[in-house]
Amino acid sequence: MSLAEFAETTHRVPAGVLDLIGNTPLVELTRLDAGPCRLFAKLEGQNPGGSIKDRPALAMIEAFERSGELRPGGTLVEATAGNTGLGLALIAALKGYRLVLVIPDKMSREKVLHLKAMGAEVVMTRSDVGKGHPAYYQDLAAKITSETPGAVFVNQFANPANPLAHESGTAPEIWDQMDRRVDAVVCGIGSGGTLTGIARFFARASPSTEIILADPQGSVLVDVVEGRMPGPVGNWLVEGIGEDFVPANAELRLVSRGYSVSDAESFHAARELLRKEGILAGSSSGTLLAAAMRYCREQQRPKRVVTLLPDGGNKYLSKMFNDTWMADQGFVARRHDGDLRDLIVRRHDEGASITVGPDDTLNFAYSRMKLYEVSQLPVLVDDRVVGIIDESDLLMATIGDPAKFAEPVKLAMSTRVETVQPSAPFESLMPVFNRGHVVVVVDGARFLGLITRIDLINHLRSKVH
């Protein structure tokens, strides 16, 4: 073989993005508490669409093409909590198919924006209803398919190409990367394809390898695995895994044992993974990682354990990697003072408030509102509130002359600031809200923070269990 031929075979440039699906890296996690075990992670976020779901998405579309059900320019319809939709959107865009996705409303904003950017048609539906309800995402997707001429319902939950993608791809990769020594693999179940495909492979290649289910608290799947009557279906915030039924593709008989993992444990595990290992992974990755660490710490002898990290964490920056969101959900402990300070989301004494000064420009105030997605800003001088500027103030100041964005905030702000002391009763907030104002909480003259209507609503909602 010539040097040129050798270089071509060892450094072949992929013919396109689809050639990059699969063959994801596997890394040992050495800075987490895995007891006596060695814990390895398969980085499925390295797929071009950002998740493990690229694998079955490509396999399912290619199966429809081979069968003739999907013709050039055809329509694909699917129900998805996110990543399967992203995989389908990537492949549909490259192959020229129309894609309609029915998505529960708990899906992260980043995922929705990603889908729309790739040309998918997104139909949002409720996440608090079960199978049989007309708004249930799978039932709604099936209905849309039946009403769309020539459309194909992908139906990842029962499509045999889904587990086959993992049986022929993901599992053999793990087997080879682990030098054919794997004691346990930790998986979640969304559609069931990943766990079933991996379990089928290891049942042949290494029957002693345990398949461990990581399931969000509130899902019924762990109960089924452990032979219990499923309890009431709960709600969970982790995206992409957990179900209120057993998907047709999920062969639970292949599961050795399961762990039920709370949202809080999942999110903190994912955050710990980032801090200690430098890996930015998604919410379901946190669930799998938490279950894997619990399994590892329970072992009496060393084992080689693999967990999947199904997607990257960049789609969750506004959620579990956002301290404010975590605190709003009750997953991060806040200091409790027992008064109105507990309602302030961005406390000034903790350096979290978003403010402007009277000499800052209106353009600067506008930029801060856009960046932090707020509609009003306190105007401070030495921790003392001298005014408030909101969207209406900006509009009134600039509508006649946009050049006035260069003028100082003090020319447009309202100096009628309604302040309350932290000790004021909750009932004192309503008259301020009814006058269309935001509540400014001060300790003496020192600014502590703002309280809006939604802050009060969130506080009241947190009392419901």
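Start by selecting Phe267. This residue is buried, with a relative accessible area of 2%. Buried means under 20% relative accessible area, exposed means over 50%, and partly exposed lies in between (1.4 Å probe, protein chains only).

Before moving on, note that this is a predicted model: local features need pLDDT of at least 70, side-chain atom pairs count only at pLDDT 80 or more, and totals for chains, interfaces and linings use all residues. Residues are numbered from 1 along each chain as its sequence is written, and side-chain values use heavy atoms, with hydrogens and water left out.

**Aromatic pairs**

A search of the whole structure finds nine aromatic pairs. Rings of Phe, Tyr and Trp (its six-membered ring) pair if their centres lie within 6.5 Å; planes under 30 degrees apart count as stacked, over 60 as edge-to-face and the rest as tilted.

Select Tyr137 and Phe157. Their pair is edge-to-face, 6.3 Å centre to centre, with 85 degrees between the planes. Tyr137 is in helix H5 (residues 137-147), and Phe157 is in the loop between strand E6 (151-153) and helix H6 (161-177), 20 residues apart. Helices (H or I, at least four residues) and strands (E, at least two) are DSSP runs, numbered from the N terminus. Are Tyr137 and Phe157 buried or exposed? Both are buried.

Phe267 lies in helix H9 (residues 263-277) and Phe331 in the loop between helix H11 (323-328) and helix H12 (362-372), so the pair ties together parts 64 residues apart in sequence. Phe331 counts as buried, at 17% relative accessibility.

Next, show Tyr136, Tyr137, Phe157 and Phe245 together. Ring pairs link them into a cluster.

**Charges over rings**

A charge sits over a ring if NZ of Lys or CZ of Arg is within 6 Å of the ring centre and within 35 degrees of the ring normal. Lys131 lies over the face of Phe245, 4.9 Å from the ring centre. For Arg257, the charged end sits over the ring of Tyr259, 4.1 Å from its centre.

**Two loops**

Select Arg180, in the loop between H6 and E7. Its phi is near 60 degrees, a positive value in a residue other than glycine. Most residues other than glycine have a negative phi. Arg180 counts as exposed, at 54% relative accessibility.

Finish at Asp382, in the loop between strand E11 (376-381) and strand E12 (384-390). Phi of Asp382 is near 55 degrees, also positive. Asp382 is exposed, at 75% relative accessibility.
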